[in-house]
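Please look over the structure shown here before reading the short report that follows.

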Number of protein chains: 8
Amino acid sequence: MLLQKGEKLIMIGDSITDCERKHPYGEGLFAGIGKGYVSLVDAFLQSTYPEKGIRVINMGNSGNTIRDLKERWATDVEHLKPDWLSIMIGINDVWRQYDQPTIRESHVYSEEYEATLRELVLRTKPQVKGIVLMTPFYIEPNREDAMRKTMDEYGEIVKRVAEECDCLFVDTQAAFEPVLREIYPATLAWDRVHPSVVGHMVIAKAFLATIGFSYF
Amino acid sequence: MLLQKGEKLIMIGDSITDCERKHPYGEGLFAGIGKGYVSLVDAFLQSTYPEKGIRVINMGNSGNTIRDLKERWATDVEHLKPDWLSIMIGINDVWRQYDQPTIRESHVYSEEYEATLRELVLRTKPQVKGIVLMTPFYIEPNREDAMRKTMDEYGEIVKRVAEECDCLFVDTQAAFEPVLREIYPATLAWDRVHPSVVGHMVIAKAFLATIGFSYF
Amino acid sequence: MLLQKGEKLIMIGDSITDCERKHPYGEGLFAGIGKGYVSLVDAFLQSTYPEKGIRVINMGNSGNTIRDLKERWATDVEHLKPDWLSIMIGINDVWRQYDQPTIRESHVYSEEYEATLRELVLRTKPQVKGIVLMTPFYIEPNREDAMRKTMDEYGEIVKRVAEECDCLFVDTQAAFEPVLREIYPATLAWDRVHPSVVGHMVIAKAFLATIGFSYF
Amino acid sequence: MLLQKGEKLIMIGDSITDCERKHPYGEGLFAGIGKGYVSLVDAFLQSTYPEKGIRVINMGNSGNTIRDLKERWATDVEHLKPDWLSIMIGINDVWRQYDQPTIRESHVYSEEYEATLRELVLRTKPQVKGIVLMTPFYIEPNREDAMRKTMDEYGEIVKRVAEECDCLFVDTQAAFEPVLREIYPATLAWDRVHPSVVGHMVIAKAFLATIGFSYF
Amino acid sequence: MLLQKGEKLIMIGDSITDCERKHPYGEGLFAGIGKGYVSLVDAFLQSTYPEKGIRVINMGNSGNTIRDLKERWATDVEHLKPDWLSIMIGINDVWRQYDQPTIRESHVYSEEYEATLRELVLRTKPQVKGIVLMTPFYIEPNREDAMRKTMDEYGEIVKRVAEECDCLFVDTQAAFEPVLREIYPATLAWDRVHPSVVGHMVIAKAFLATIGFSYF
Amino acid sequence: MLLQKGEKLIMIGDSITDCERKHPYGEGLFAGIGKGYVSLVDAFLQSTYPEKGIRVINMGNSGNTIRDLKERWATDVEHLKPDWLSIMIGINDVWRQYDQPTIRESHVYSEEYEATLRELVLRTKPQVKGIVLMTPFYIEPNREDAMRKTMDEYGEIVKRVAEECDCLFVDTQAAFEPVLREIYPATLAWDRVHPSVVGHMVIAKAFLATIGFSYF
Amino acid sequence: MLLQKGEKLIMIGDSITDCERKHPYGEGLFAGIGKGYVSLVDAFLQSTYPEKGIRVINMGNSGNTIRDLKERWATDVEHLKPDWLSIMIGINDVWRQYDQPTIRESHVYSEEYEATLRELVLRTKPQVKGIVLMTPFYIEPNREDAMRKTMDEYGEIVKRVAEECDCLFVDTQAAFEPVLREIYPATLAWDRVHPSVVGHMVIAKAFLATIGFSYF
Amino acid sequence: MLLQKGEKLIMIGDSITDCERKHPYGEGLFAGIGKGYVSLVDAFLQSTYPEKGIRVINMGNSGNTIRDLKERWATDVEHLKPDWLSIMIGINDVWRQYDQPTIRESHVYSEEYEATLRELVLRTKPQVKGIVLMTPFYIEPNREDAMRKTMDEYGEIVKRVAEECDCLFVDTQAAFEPVLREIYPATLAWDRVHPSVVGHMVIAKAFLATIGFSYF
């Protein structure tokens, strides 16, 4: 596995990452790490490699877009000096275009999204051992759905930036595909966005596969 | 894996099982299944075998001993007609002997524990495809600790009943051993009993191994 | 308009109807009539025909299926001796099949739905001046979506029963079509079921058109 | 209808306008627009002209008088650059004279009311497509009632300013007349000021008539 | 003064009487007697005649009509064996006709009101030293107001019963007249029914005058 | 009566005065004036002389000593420009010496009390029509009780200052005497300090007598 | 010390005993034993004689009089089969005579008090190793105070019954004397009844002295 | 006993000291001193030596380490000018190393602990009559337990500093030994750190022994 003894992993993102984490730092006793995929990733790491003492910090903030990440990048990423960094952002950038279409100043369109993501990655790449870029996703199996289409477009941007900047890449939307073939979205997420533990497990497993985690 | 398409698994126990599940039945939307190892087991099953439509119901009740399980066995196990049943009980049977030693009527000593467990298992065995017996555990690495010693004795009883009655067996205490060699109990559970997600992952992985679950 | 001076209209259904109404009877001061389409229908009637003194009672119950309506039909409809009755039911009958697929006893399949609806309508028809049957709906524009398909099937049943039993008929799903061509579902309802006031206005206007309401 | 595709309407006022809106901006998901006539106006506009994408923002503040509007005019009206603006203010200006007669500094007498209203209208008129001035009202049918008399006087001021400044005009008090002939005030508003949904529908219909809204 | 040493006075009525009294018996420490006119009457009696040890019990229930008084007459009046009894009822009997006109079963019309009041008074008269009948009131100075007119009619009934049955009589509506000539209703009661302490003082003083209380 | 049409009376003090008043100014709707003797004084004034429009403002603050009054004198008395002012202070100055004897910095001894009271009275006297000085009191009939003795000493100071500075004077302790001869302190105040409504009536009556109030 | 290894002590009484104990049995984790003198007695016993495993159960109920004790004697004392029993009752029996003098049915006068206490003691004496009778007390140093006088009378009754029935006796009032000579009642108890921890320590030490407890 | 009439004792520490004390100063009515050993020490002092008027102030803060004490030393110790000072700190300094091992910046290692403790003691020694140094403790009887070992090491440091700086010394860990031989930790403290009243009594008795307190 890529993470070594004593290393620090920061996972940043939006409400899918946040999941009731402790503020200002998402770690420590009494579920400080939140209740979502970050908590599952940490539980896998600690229970399988207890001797490594890996430190995972959840820095997700509910409602965030890439614009918000940029604003808090210095305090919430750089000052914490992570060895590894994961970023999963973009759901709100897209969602606001579909759930409050008239409030245009809350939309983050694809040009801004791509430019800002690239900027943050390039700025931080030299200071860490590795960055894991995770696509945003939408728990909607119909690829012709308008919001799903836009989300796929943002997922393509993440993939492109990951390749260009030599980052690890997790296609969370692809990870949901086999599950969505069998289970209707309403079972997985009341709003097609915030998943149950089943959905968080899908994300965690996809992340773990990317960092070379072994279950045994 | 042992569980087949459309089958129903009931997991019964105490607060380690309960974990804020919905009452009277621990399943359904909005974390009806609770937030502990049962939720993790379910998340593994649904995300890996979405096509099987396995139904997992959490029937744990906080504070229960084997004496309480016996009292609600008809309504909470038999009437629900499970295909598979897991039982993890005994922590409170032992704990009360150590945290309120003078209140003797709250203690369930080993004879009663063994007799009741055997009775319930024999009574239900013919009606299900399989029973998984899980030992109670104590997140205390010192085998000479008085309460740990008693808990190990109860774990031995579970093992004996499992063998006698041809049940599947999960040694949760053994599953914690490699973790406890590296991580101090205070990190895993404030009271050495109620684990963080890390501890629940340990239990879930041990259960999954026993039922032949494959991560890929 | 069909409703005459001093007549009583009961509107029964599920959470779309309920909307925080007062229990046991949804009428009276301080929003006793709830905050959904029933409230809008009442506001139209009272503000346009204040001299008629029409009495509207909201008898919707959150989470109800046709099975629940049958159980409370005597106390919640017949004993109240309405002059007019509207029924909008079926969303939960369908939804449970899609949001908790393994909990099969909570599903109401189409045969039971149709038989029960017909039974209740035939039983009450002779005692009232008229019954308005409203289809259940799903705020999802994709007609190939699995749950939308099933909802359309239940809508067809409502239409069939309305024709057979000589009831007034409101096609709420059809009423949503022009809006859904322009506005994405996420703007109208976080879960594609419980609409904002915009959605309730769509339903209210469709109901009013059916009873011959004139805005001037 | 006067409002065109993509235009923005701001509705400002006191608690009749506010109705639990979101702060600082009364729009967006989960009833951000409040629960009063503004919400009804928006629901009519979105459900009838979904293709127009009109943006309605509720900027009402409970307890406000014209004096308060003036204080927040720059931030709450001008900076938001509306295309259309509606103002309904004056109820508290009058009410305080009658419910706390000895606290004279809380009263806004008619001279100040008229001067301030004219000032705000003249200042903003050039920047918008149109301003809708709505009279304050009192749900009291007795024209000889002292507070009703004063309210009518303020309504006259609104009418005068509307004519002088070439604004659209809504006479809400007049809109209540036919309803008050049939329904006693206590049914419409516990304090003769804050109406039920019926009363908000009266206001919304009067507003819609003024802006040329068609129900079909 | 009419009340003698050690005598017990029960004051029964609706919310004007209740005012957050203790249940089931409105007396005792920590404002058990409520915060309305009953509390003021008691305070006058205890502070002026401390040596008399008069016992005052508040038996008002919010929302009550004469119909409700009849139902609880045995337990709430007769079993308590008062020496003196005051009754102020009728506001809700009238109000419901005006604030929920379509819910006719909640109205208590004048025939029922008069018959029930007379029945209760005649039944209890022989068991007590005296009964004080207090009119209901409406804080509305306009005698042509529809609800005020009806309230006056009920007040006439109280007066008639008092005379016929030889009871003490308090005309609370008359007591409010001089105040209403100077102070607008909104200052005295937000709903023209539930008075501020000023209004309760008006009632208390009228009651005290009737029982021959002397302030010095 | 001393107070004339349109005049303003400020009553300042400690928790006996405060009684849950509104902050920062104790007046206005919904019991802004609190629930103690100030409220009773106001209720007497408004109900007996409604035509005078006298304005009473409660400026009591719980826990205050004369030291606290001095600190807020400018904002809470002078800036409000009262016509009349009443002061009842000293209970906490004394009480702290008896309920937390070791916390000496919380005690206000008699020298400081007298000097500060005189200073405030002399400073404000020229700006008002009259000042009413009310003694602090202790609901303890035993004049040999240590705290009662000290309270009497502070009462003497108030009397002395009143005479020297030509203020109106209310001896509240004396007003309690006849009541305390008949009623045990525990009935009047759980802590012998915070009275029930009976006690507040005693204070209000004493105040009213001093300002020449007539009950008829 | 009188209490032997494994023996059970029940302490019954009113709110002074209760002090937020767990119901129905005042023992066990998380302060089940309450926060008053019972908790202190238990803490002394467990910390000084940990090897004895003495079981202390708090059965105090707030507001109780001897009349209430009699009613629950079978379930709350006899069924629990104590080895030792302490009773401290009478404060409410006396207090109600002084804090709600007109509510005479709440008073327990001395004849009933003495008779009931004797009856309960005689009934239980044969079943236990010993009974400790504790006087009620009043934190008032003035022996001429009316309520103190009555309390002393009840204390005399306790003493008499203790002597007659051969019980251990604790004079709690006497135990408070040296403290009351130095500390004013307001420091010890806001209402002269419910003591601070200092007062509970006084009671606990008096009890311990009686049962022969040694601090070393 | 060492403490003399009128002297002031400050007890500073972490949550074991704090125990819900009042902030900013832990003294005064209504359990301002908290509910732990400080409250017991105070209760012993006041009930046994009421004539001394000793002032005890609880300055414990939950979660504090020696690093936190240093930060608030000026305001929370020096400015209060105590005559006597007790310090019990170090539990969190050690605990964080064991309950959140990866969050290294929250650990206070022994070098820093010793240096800071010595610095604070030397700085304050000249200003007070005496300092009582109390060891931190861990309610774990197994001396080989990793965290117990570290805690013992910190206890050794306290002892060394006490000897070097001529302070009074309380070995709380030693005081727990006889109790821990008989009672399992789970009875005394759910987390082996925060004791029940029994544990606080152990600490209080050890402190009292050191200052020469006599129980009689």
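Is Tyr113(A) buried or exposed?

## Basis of the model

This is a predicted model, in which local features need pLDDT of at least 70 and side-chain atom pairs count only at pLDDT 80 or more, while totals for chains, interfaces and linings use all residues. Residues are numbered from 1 along each chain as its sequence is written, chains are lettered from A and ligands numbered from 1 in the order in which they are written, and side-chain values use heavy atoms, with hydrogens and water left out.

Tyr113(A) is buried, with a relative accessible area of 0%, where buried means under 20% relative accessible area, exposed over 50%, and partly exposed in between (1.4 Å probe, protein chains only). Tyr113(A) belongs to helix H6 (residues 110-124) of chain A; helices (H or I, at least four residues) and strands (E, at least two) are DSSP runs, numbered from the N terminus.

Leaving aside residues up to four places away in sequence, Tyr113(A) touches residues including Ile66(A), Gly90(A), Pro136(A) and Tyr154(A), a contact being heavy atoms within 4.5 Å. Gly90(A) lies 23 residues from Tyr113(A) in sequence and 7.6 Å from Tyr113(A) in space, C-alpha to C-alpha.

## The sheet of chain A

In chain A, five strands form an open sheet in the order S2-S1-S3-S4-S5, with parallel pairing; two strands pair if DSSP finds at least two bridges between them. Strand S2 (55-58) and strand S5 (168-170) of chain A are the edge strands, each pairing on one side only.

Strand S1 (residues 8-13) and strand S3 (residues 84-88) of chain A pair in the parallel sense over five bridges, and Ile10(A) has Leu85(A) as its bridge partner in S3(A).
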